[in-house]
Amino acid sequence: MSGGGDESHLKPATRIVRGGRRREWTGPVVNPPVWRASTHLYDTDADRQAAGGNNADGQFFYGRRGAPTQWALADALTAIEPGAYGTVLYPSGVAAIAGVMLAVLKPGDLLLMSDNAYDPTRSMATGLLARMGIATEFFDPADTDAYAALLDEGAKAVWLEAPGSLTFEMTDVPVLTSLARQRGATVMIDNTWASPLGFAALEHGCDIVMMSLSKHVGGHSDLMMGSASAGKRWYAALRRVGQELGQVVSPDDAALAARGLRTMGVRLEAQTRSALRVAEWLEAQPQVARVLCPLLPSHPGHALWKRDFTGGCGLFSFVLASDDPAASARVADALRLFGIGYSWGGYESLALPIAPRSYRSVMPCPTGGAPALRLSIGLEDPEDLIADLAEALTQV
Ligand SMILES: *Cc1c(COP(=O)(O)O)cnc(C)c1O
(Lines give C-alpha, C1' and ligand atoms only; values in the text may rest on other atoms or scores of the structure.)
Protein backbone atom coordinates (compact mmCIF):
# COMPACT_ATOMS: atom_id res chain seq x y z
CA MET A 1 0.00 0.00 0.00
CA SER A 2 1.43 3.39 -0.89
CA GLY A 3 1.86 6.23 1.59
CA GLY A 4 -0.92 8.63 2.54
CA GLY A 5 -0.34 11.90 0.73
CA ASP A 6 2.49 11.92 -1.80
CA GLU A 7 5.58 12.92 0.18
CA SER A 8 8.09 11.46 -2.27
CA HIS A 9 9.60 14.93 -2.86
CA LEU A 10 10.82 15.03 0.77
CA LYS A 11 14.37 14.01 1.69
CA PRO A 12 14.91 10.48 3.12
CA ALA A 13 15.55 11.77 6.67
CA THR A 14 12.17 13.49 6.63
CA ARG A 15 10.32 10.55 5.10
CA ILE A 16 11.74 8.18 7.72
CA VAL A 17 10.26 10.38 10.45
CA ARG A 18 6.86 10.86 8.80
CA GLY A 19 6.24 7.52 7.05
CA GLY A 20 3.20 5.51 8.16
CA ARG A 21 2.07 7.98 10.81
CA ARG A 22 -1.42 8.46 9.42
CA ARG A 23 -3.82 10.20 11.72
CA GLU A 24 -6.45 7.47 11.29
CA TRP A 25 -3.91 4.92 12.55
CA THR A 26 -2.17 6.93 15.29
CA GLY A 27 -5.13 8.81 16.73
CA PRO A 28 -3.94 11.66 18.92
CA VAL A 29 -0.56 10.09 19.82
CA VAL A 30 2.72 10.06 17.89
CA ASN A 31 3.06 6.31 17.23
CA PRO A 32 0.33 3.89 16.13
CA PRO A 33 -0.81 1.97 19.22
CA VAL A 34 -0.20 -1.77 19.49
CA TRP A 35 -3.39 -3.38 18.19
CA ARG A 36 -3.36 -6.96 19.43
CA ALA A 37 -6.07 -8.58 17.39
CA SER A 38 -7.10 -11.87 15.90
CA THR A 39 -10.75 -10.97 15.64
CA HIS A 40 -12.01 -7.73 14.18
CA LEU A 41 -15.62 -7.16 15.18
CA TYR A 42 -18.21 -5.93 12.69
CA ASP A 43 -21.22 -3.81 13.50
CA THR A 44 -23.43 -5.72 11.08
CA ASP A 45 -23.14 -8.78 8.89
CA ALA A 46 -23.29 -6.54 5.84
CA ASP A 47 -20.12 -4.82 7.14
CA ARG A 48 -18.45 -8.21 7.54
CA GLN A 49 -19.28 -9.20 3.98
CA ALA A 50 -18.09 -5.86 2.60
CA ALA A 51 -14.73 -6.16 4.43
CA GLY A 52 -14.12 -9.69 3.12
CA GLY A 53 -14.68 -8.57 -0.44
CA ASN A 54 -12.18 -5.74 -0.16
CA ASN A 55 -8.92 -7.65 -0.25
CA ALA A 56 -6.71 -4.71 0.71
CA ASP A 57 -4.41 -3.71 3.54
CA GLY A 58 -5.69 -0.79 5.55
CA GLN A 59 -9.07 -2.54 5.87
CA PHE A 60 -10.00 -4.42 9.01
CA PHE A 61 -10.85 -7.99 8.16
CA TYR A 62 -9.13 -10.65 10.27
CA GLY A 63 -5.90 -10.61 12.30
CA ARG A 64 -3.85 -12.27 9.57
CA ARG A 65 -4.29 -9.20 7.39
CA GLY A 66 -2.93 -7.04 10.20
CA ALA A 67 -4.08 -3.89 11.91
CA PRO A 68 -2.83 -0.29 11.99
CA THR A 69 0.40 -1.21 13.84
CA GLN A 70 1.59 -3.49 11.01
CA TRP A 71 0.13 -1.30 8.25
CA ALA A 72 1.96 1.76 9.60
CA LEU A 73 5.32 -0.07 9.58
CA ALA A 74 4.78 -1.37 6.04
CA ASP A 75 3.71 2.09 4.92
CA ALA A 76 6.81 3.71 6.48
CA LEU A 77 9.07 1.18 4.72
CA THR A 78 7.35 1.96 1.42
CA ALA A 79 7.84 5.68 2.05
CA ILE A 80 11.64 5.26 2.28
CA GLU A 81 11.97 2.84 -0.70
CA PRO A 82 12.13 4.90 -3.92
CA GLY A 83 9.98 3.32 -6.63
CA ALA A 84 7.98 1.10 -4.26
CA TYR A 85 4.20 0.87 -4.34
CA GLY A 86 3.90 -1.38 -1.30
CA THR A 87 5.69 -3.52 1.29
CA VAL A 88 4.88 -6.97 2.71
CA LEU A 89 6.08 -7.91 6.21
CA TYR A 90 7.31 -11.40 7.19
CA PRO A 91 8.25 -12.91 10.57
CA SER A 92 11.97 -13.05 9.63
CA GLY A 93 14.31 -12.06 6.84
CA VAL A 94 14.49 -15.69 5.70
CA ALA A 95 10.68 -15.84 5.61
CA ALA A 96 10.79 -12.73 3.38
CA ILE A 97 13.26 -14.48 1.05
CA ALA A 98 10.92 -17.49 0.84
CA GLY A 99 7.91 -15.23 0.22
CA VAL A 100 9.71 -13.46 -2.63
CA MET A 101 10.99 -16.68 -4.23
CA LEU A 102 7.55 -18.30 -4.12
CA ALA A 103 5.91 -15.20 -5.62
CA VAL A 104 8.31 -15.21 -8.58
CA LEU A 105 9.23 -18.86 -9.29
CA LYS A 106 7.34 -22.00 -10.20
CA PRO A 107 8.36 -25.61 -10.88
CA GLY A 108 10.50 -25.91 -14.00
CA ASP A 109 12.00 -22.42 -13.68
CA LEU A 110 15.72 -21.63 -13.63
CA LEU A 111 17.01 -19.20 -10.97
CA LEU A 112 20.40 -17.50 -11.13
CA MET A 113 21.90 -16.68 -7.74
CA SER A 114 24.88 -14.49 -6.93
CA ASP A 115 27.52 -16.82 -5.47
CA ASN A 116 28.07 -14.56 -2.46
CA ALA A 117 24.42 -14.61 -1.38
CA TYR A 118 23.60 -15.10 2.31
CA ASP A 119 24.13 -18.76 3.21
CA PRO A 120 20.48 -19.54 4.16
CA THR A 121 19.41 -18.06 0.79
CA ARG A 122 21.75 -20.52 -0.93
CA SER A 123 20.39 -23.35 1.23
CA MET A 124 16.82 -22.38 0.28
CA ALA A 125 17.77 -22.66 -3.40
CA THR A 126 19.53 -26.01 -3.07
CA GLY A 127 16.89 -27.31 -0.62
CA LEU A 128 13.30 -26.05 -0.73
CA LEU A 129 13.43 -24.70 -4.30
CA ALA A 130 15.23 -27.76 -5.67
CA ARG A 131 12.62 -30.04 -4.06
CA MET A 132 9.95 -28.01 -5.87
CA GLY A 133 11.65 -28.57 -9.23
CA ILE A 134 13.21 -25.09 -9.44
CA ALA A 135 16.86 -25.25 -10.58
CA THR A 136 19.52 -22.78 -9.41
CA GLU A 137 22.81 -21.82 -11.05
CA PHE A 138 25.27 -19.79 -8.96
CA PHE A 139 27.18 -17.03 -10.78
CA ASP A 140 30.10 -14.72 -10.12
CA PRO A 141 28.63 -11.18 -10.31
CA ALA A 142 31.97 -9.90 -11.63
CA ASP A 143 31.84 -12.31 -14.62
CA THR A 144 29.28 -10.60 -16.85
CA ASP A 145 29.83 -12.90 -19.84
CA ALA A 146 29.18 -16.08 -17.88
CA TYR A 147 26.13 -14.43 -16.31
CA ALA A 148 24.73 -13.40 -19.70
CA ALA A 149 25.27 -16.96 -21.00
CA LEU A 150 23.28 -18.35 -18.04
CA LEU A 151 20.51 -15.83 -18.71
CA ASP A 152 20.41 -17.12 -22.27
CA GLU A 153 19.66 -20.61 -20.94
CA GLY A 154 16.21 -19.17 -20.20
CA ALA A 155 16.59 -18.03 -16.59
CA LYS A 156 13.31 -16.84 -15.14
CA ALA A 157 14.79 -14.77 -12.33
CA VAL A 158 17.99 -13.51 -10.74
CA TRP A 159 18.86 -13.15 -7.04
CA LEU A 160 21.40 -10.44 -6.17
CA GLU A 161 23.03 -9.35 -2.94
CA ALA A 162 25.40 -6.35 -2.85
CA PRO A 163 27.80 -6.29 -1.17
CA GLY A 164 27.85 -10.06 -0.72
CA SER A 165 27.49 -11.75 2.66
CA LEU A 166 30.69 -12.27 4.70
CA THR A 167 33.12 -11.27 1.92
CA PHE A 168 31.58 -7.94 0.77
CA GLU A 169 32.37 -7.99 -2.96
CA MET A 170 30.48 -5.22 -4.75
CA THR A 171 28.23 -5.87 -7.74
CA ASP A 172 27.49 -3.69 -10.76
CA VAL A 173 23.74 -3.83 -10.19
CA PRO A 174 22.70 -1.60 -13.16
CA VAL A 175 24.67 -3.77 -15.61
CA LEU A 176 23.29 -7.05 -14.25
CA THR A 177 19.71 -5.77 -14.08
CA SER A 178 19.78 -4.39 -17.62
CA LEU A 179 21.08 -7.72 -19.00
CA ALA A 180 18.27 -9.50 -17.13
CA ARG A 181 15.65 -7.02 -18.29
CA GLN A 182 16.66 -7.44 -21.96
CA ARG A 183 15.85 -11.15 -21.56
CA GLY A 184 12.69 -10.72 -19.52
CA ALA A 185 14.13 -12.13 -16.28
CA THR A 186 12.89 -10.77 -12.95
CA VAL A 187 15.53 -9.36 -10.57
CA MET A 188 15.28 -9.74 -6.80
CA ILE A 189 17.83 -8.28 -4.40
CA ASP A 190 18.72 -8.73 -0.74
CA ASN A 191 19.39 -5.12 0.35
CA THR A 192 19.84 -5.79 4.08
CA TRP A 193 23.39 -4.35 4.18
CA ALA A 194 22.67 -0.92 2.70
CA SER A 195 18.94 -0.52 3.45
CA PRO A 196 17.00 1.83 1.14
CA LEU A 197 18.88 4.75 2.74
CA GLY A 198 22.15 3.43 1.30
CA PHE A 199 20.95 1.88 -1.98
CA ALA A 200 17.78 2.60 -3.96
CA ALA A 201 17.51 -0.91 -5.43
CA LEU A 202 14.30 -0.46 -7.46
CA GLU A 203 15.71 2.68 -9.07
CA HIS A 204 18.79 0.68 -10.09
CA GLY A 205 16.70 -1.81 -12.06
CA CYS A 206 15.66 -4.41 -9.47
CA ASP A 207 12.03 -5.58 -9.50
CA ILE A 208 11.75 -6.67 -5.86
CA VAL A 209 13.89 -5.63 -2.88
CA MET A 210 13.97 -7.58 0.38
CA MET A 211 15.49 -6.77 3.73
CA SER A 212 15.97 -8.44 7.08
CA LEU A 213 14.43 -5.94 9.49
CA SER A 214 16.13 -7.87 12.33
CA LYS A 215 19.29 -5.90 11.45
CA HIS A 216 19.31 -2.10 10.88
CA VAL A 217 15.58 -1.41 11.11
CA GLY A 218 15.10 -3.12 14.48
CA GLY A 219 18.54 -1.79 15.36
CA HIS A 220 18.47 -2.99 18.99
CA SER A 221 19.00 -6.77 18.63
CA ASP A 222 15.60 -7.60 20.06
CA LEU A 223 13.36 -8.63 17.19
CA MET A 224 13.11 -10.84 14.08
CA MET A 225 11.32 -9.58 10.98
CA GLY A 226 11.68 -9.21 7.23
CA SER A 227 10.15 -7.18 4.42
CA ALA A 228 9.83 -7.12 0.65
CA SER A 229 8.94 -4.01 -1.36
CA ALA A 230 8.10 -3.61 -5.04
CA GLY A 231 6.22 -1.60 -7.63
CA LYS A 232 2.53 -2.22 -8.25
CA ARG A 233 2.75 -5.44 -10.26
CA TRP A 234 5.11 -7.37 -8.00
CA TYR A 235 3.62 -5.95 -4.81
CA ALA A 236 0.30 -7.59 -5.73
CA ALA A 237 2.03 -10.95 -6.26
CA LEU A 238 4.02 -10.66 -3.01
CA ARG A 239 0.95 -9.78 -0.99
CA ARG A 240 -1.08 -12.61 -2.47
CA VAL A 241 1.58 -15.25 -1.73
CA GLY A 242 2.23 -13.75 1.72
CA GLN A 243 -1.45 -14.20 2.54
CA GLU A 244 -1.55 -17.68 0.99
CA LEU A 245 1.39 -18.66 3.21
CA GLY A 246 -0.32 -17.11 6.24
CA GLN A 247 2.54 -14.71 6.94
CA VAL A 248 1.83 -12.14 9.63
CA VAL A 249 4.01 -10.28 12.16
CA SER A 250 3.04 -9.54 15.73
CA PRO A 251 1.87 -5.99 16.46
CA ASP A 252 4.32 -5.76 19.38
CA ASP A 253 7.24 -6.54 17.06
CA ALA A 254 5.87 -4.19 14.39
CA ALA A 255 5.78 -1.37 16.96
CA LEU A 256 9.38 -2.14 18.00
CA ALA A 257 10.52 -2.21 14.36
CA ALA A 258 8.78 1.10 13.62
CA ARG A 259 10.43 2.62 16.66
CA GLY A 260 13.82 1.40 15.47
CA LEU A 261 13.20 2.67 11.97
CA ARG A 262 12.84 6.31 13.09
CA THR A 263 16.50 6.45 14.17
CA MET A 264 17.96 4.16 11.49
CA GLY A 265 19.35 7.06 9.45
CA VAL A 266 21.43 8.57 12.23
CA ARG A 267 22.54 5.15 13.48
CA LEU A 268 23.70 4.12 10.02
CA GLU A 269 25.61 7.37 9.52
CA ALA A 270 27.42 7.00 12.84
CA GLN A 271 28.11 3.28 12.34
CA THR A 272 29.39 3.85 8.80
CA ARG A 273 31.76 6.57 10.04
CA SER A 274 33.06 4.36 12.87
CA ALA A 275 33.36 1.31 10.61
CA LEU A 276 35.52 3.26 8.17
CA ARG A 277 37.73 4.46 11.03
CA VAL A 278 38.13 0.90 12.41
CA ALA A 279 38.64 -0.59 8.92
CA GLU A 280 41.38 1.96 8.12
CA TRP A 281 43.10 1.19 11.40
CA LEU A 282 42.88 -2.58 10.82
CA GLU A 283 44.36 -2.18 7.34
CA ALA A 284 47.55 -0.79 8.89
CA GLN A 285 48.05 -3.65 11.39
CA PRO A 286 50.73 -6.29 10.69
CA GLN A 287 48.44 -9.07 12.02
CA VAL A 288 45.83 -8.23 9.37
CA ALA A 289 46.25 -9.54 5.81
CA ARG A 290 43.20 -7.92 4.24
CA VAL A 291 40.16 -5.84 5.14
CA LEU A 292 37.00 -6.67 3.18
CA CYS A 293 35.06 -3.40 3.38
CA PRO A 294 33.72 -1.47 0.36
CA LEU A 295 33.87 1.78 2.36
CA LEU A 296 37.69 1.64 2.05
CA PRO A 297 39.19 3.45 -0.95
CA SER A 298 41.58 0.47 -1.34
CA HIS A 299 38.67 -2.00 -1.76
CA PRO A 300 38.21 -3.24 -5.37
CA GLY A 301 34.46 -2.47 -5.16
CA HIS A 302 34.86 1.02 -3.71
CA ALA A 303 34.29 2.86 -7.02
CA LEU A 304 31.02 0.97 -7.59
CA TRP A 305 29.93 1.66 -4.03
CA LYS A 306 30.62 5.38 -4.49
CA ARG A 307 28.83 5.46 -7.84
CA ASP A 308 25.61 3.68 -6.84
CA PHE A 309 25.28 3.86 -3.06
CA THR A 310 24.38 6.80 -0.84
CA GLY A 311 25.44 5.16 2.42
CA GLY A 312 26.92 2.16 4.15
CA CYS A 313 26.74 0.46 7.52
CA GLY A 314 28.99 -0.97 10.22
CA LEU A 315 29.36 -4.50 8.81
CA PHE A 316 32.61 -5.75 7.25
CA SER A 317 35.19 -8.52 7.56
CA PHE A 318 38.94 -8.84 7.87
CA VAL A 319 41.42 -11.64 7.24
CA LEU A 320 44.20 -12.43 9.71
CA ALA A 321 47.82 -12.78 8.59
CA SER A 322 48.04 -16.24 10.12
CA ASP A 323 47.70 -19.82 8.96
CA ASP A 324 46.45 -20.97 12.35
CA PRO A 325 42.73 -21.76 11.91
CA ALA A 326 42.13 -21.17 15.65
CA ALA A 327 43.48 -17.59 15.53
CA SER A 328 40.08 -16.01 14.72
CA ALA A 329 38.45 -17.68 17.73
CA ARG A 330 41.32 -16.51 19.99
CA VAL A 331 40.83 -12.92 18.78
CA ALA A 332 37.05 -13.12 19.28
CA ASP A 333 37.50 -14.54 22.78
CA ALA A 334 39.98 -11.79 23.72
CA LEU A 335 37.65 -8.93 22.70
CA ARG A 336 35.88 -7.29 25.64
CA LEU A 337 33.70 -4.70 23.94
CA PHE A 338 32.51 -6.94 21.09
CA GLY A 339 29.96 -9.66 21.74
CA ILE A 340 30.32 -12.94 19.84
CA GLY A 341 27.13 -13.54 17.93
CA TYR A 342 25.19 -13.83 14.70
CA SER A 343 22.83 -11.15 13.44
CA TRP A 344 24.20 -7.61 13.24
CA GLY A 345 23.11 -4.00 12.79
CA GLY A 346 22.35 -3.47 16.47
CA TYR A 347 23.61 -0.56 18.58
CA GLU A 348 26.27 -2.81 20.13
CA SER A 349 29.38 -4.18 18.41
CA LEU A 350 29.75 -7.85 17.52
CA ALA A 351 32.56 -10.08 16.24
CA LEU A 352 32.12 -13.41 14.47
CA PRO A 353 34.82 -15.83 13.25
CA ILE A 354 33.91 -16.74 9.65
CA ALA A 355 34.92 -19.40 7.11
CA PRO A 356 33.03 -18.40 3.95
CA ARG A 357 34.91 -20.65 1.54
CA SER A 358 32.45 -23.51 1.98
CA TYR A 359 29.61 -21.20 0.88
CA ARG A 360 31.10 -20.44 -2.55
CA SER A 361 30.65 -22.51 -5.71
CA VAL A 362 32.12 -20.40 -8.52
CA MET A 363 33.70 -17.25 -7.06
CA PRO A 364 37.19 -17.04 -5.63
CA CYS A 365 36.85 -16.58 -1.86
CA PRO A 366 38.92 -13.58 -0.69
CA THR A 367 39.61 -15.14 2.70
CA GLY A 368 41.00 -18.30 1.10
CA GLY A 369 41.50 -20.75 3.95
CA ALA A 370 42.86 -18.07 6.32
CA PRO A 371 41.22 -17.25 9.65
CA ALA A 372 38.87 -14.26 9.34
CA LEU A 373 36.33 -12.33 11.37
CA ARG A 374 33.24 -10.32 10.58
CA LEU A 375 32.64 -7.18 12.66
CA SER A 376 29.39 -5.33 13.20
CA ILE A 377 30.40 -1.89 14.45
CA GLY A 378 27.93 -0.40 16.90
CA LEU A 379 27.52 3.01 18.46
CA GLU A 380 30.42 2.81 20.95
CA ASP A 381 33.30 5.29 20.57
CA PRO A 382 35.46 3.87 17.74
CA GLU A 383 38.65 4.69 19.68
CA ASP A 384 37.55 2.31 22.44
CA LEU A 385 36.80 -0.37 19.84
CA ILE A 386 40.22 0.12 18.26
CA ALA A 387 41.97 -0.20 21.63
CA ASP A 388 40.02 -3.42 22.27
CA LEU A 389 41.00 -4.80 18.84
CA ALA A 390 44.65 -3.81 19.37
CA GLU A 391 44.72 -5.80 22.60
CA ALA A 392 42.95 -8.81 21.02
CA LEU A 393 45.26 -8.86 17.97
CA THR A 394 48.21 -9.63 20.29
CA GLN A 395 46.71 -13.18 20.21
CA VAL A 396 47.85 -13.53 16.56
C1 LIG B 1 20.37 -11.85 8.57
C2 LIG B 1 20.24 -11.81 7.11
C3 LIG B 1 19.10 -12.31 6.48
C4 LIG B 1 18.03 -13.08 7.20
O5 LIG B 1 17.37 -12.36 8.14
P6 LIG B 1 16.70 -13.00 9.46
O7 LIG B 1 15.86 -11.88 9.92
O8 LIG B 1 17.84 -13.34 10.36
O9 LIG B 1 15.92 -14.20 9.03
C10 LIG B 1 19.01 -12.16 5.12
N11 LIG B 1 19.99 -11.58 4.39
C12 LIG B 1 21.09 -11.10 4.97
C13 LIG B 1 22.13 -10.45 4.11
C14 LIG B 1 21.27 -11.20 6.35
O15 LIG B 1 22.41 -10.77 6.90
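**Exercise 1.** Which atom of the ligand lies 2.6 Å from an N or O atom in the side chain of aspartate 190?

*Solution.* The model is predicted: local features need pLDDT of at least 70 and side-chain atom pairs pLDDT 80 or more, whereas totals for chains, interfaces and linings use all residues. Residues are numbered from 1 along each chain as its sequence is written, and side-chain values use heavy atoms, with hydrogens and water left out.

Step 1. The atom in question is a nitrogen atom of the ligand. The pair is a polar contact (a pair of N or O atoms within 3.5 Å).

Step 2. The protein buries 92% of the 380 Å² that the ligand exposes when taken alone. These areas come from the Shrake-Rupley method with a 1.4 Å probe.

**Exercise 2.** Determine the strand order of the open sheet and its edges.

*Solution.* Step 1. Strands are DSSP runs (E, at least two residues), and helices likewise (H or I, at least four), numbered from the N terminus. Two strands pair if DSSP finds at least two bridges between them.

Step 1. The order of the seven strands is S1-S7-S6-S5-S4-S2-S3, with mixed pairing.

Step 2. S1 (86–90) and S3 (135–139) are the edge strands, each pairing on one side only.

Step 3. S1 and S7 (residues 226–230) run antiparallel and are joined by five bridges. Within S7, alanine 230 is the bridge partner of glycine 86.

**Exercise 3.** Identify the strands that helix H6 (residues 119–131) lies across.

*Solution.* Step 1. Contact means heavy atoms within 4.5 Å. Axes are lines fitted to C-alpha atoms, for helices over the stretch in contact, and angles run from 0 to 180 degrees between N-to-C directions.

Step 1. H6 lies across S2, S3 and S4, and runs at about 160 degrees to S2.

**Exercise 4.** Describe the backbone at proline 163 and leucine 166.

*Solution.* Step 1. Proline 163 is found in the loop between S4 and helix H8 (173–182), and leucine 166 is placed in the loop between S4 and H8.

Step 1. Alanine 162 and proline 163 are joined by a cis peptide bond, with omega about -10 degrees.

Step 2. Leucine 166 is not a glycine, yet has a positive phi of about 70 degrees. Most residues other than glycine have a negative phi, and most peptide bonds are trans.

Terms used. A polar contact is a pair of N or O atoms within 3.5 Å; within protein, one must be able to donate a hydrogen and the other to accept it, and residues adjacent in sequence count only if both atoms are side-chain atoms.
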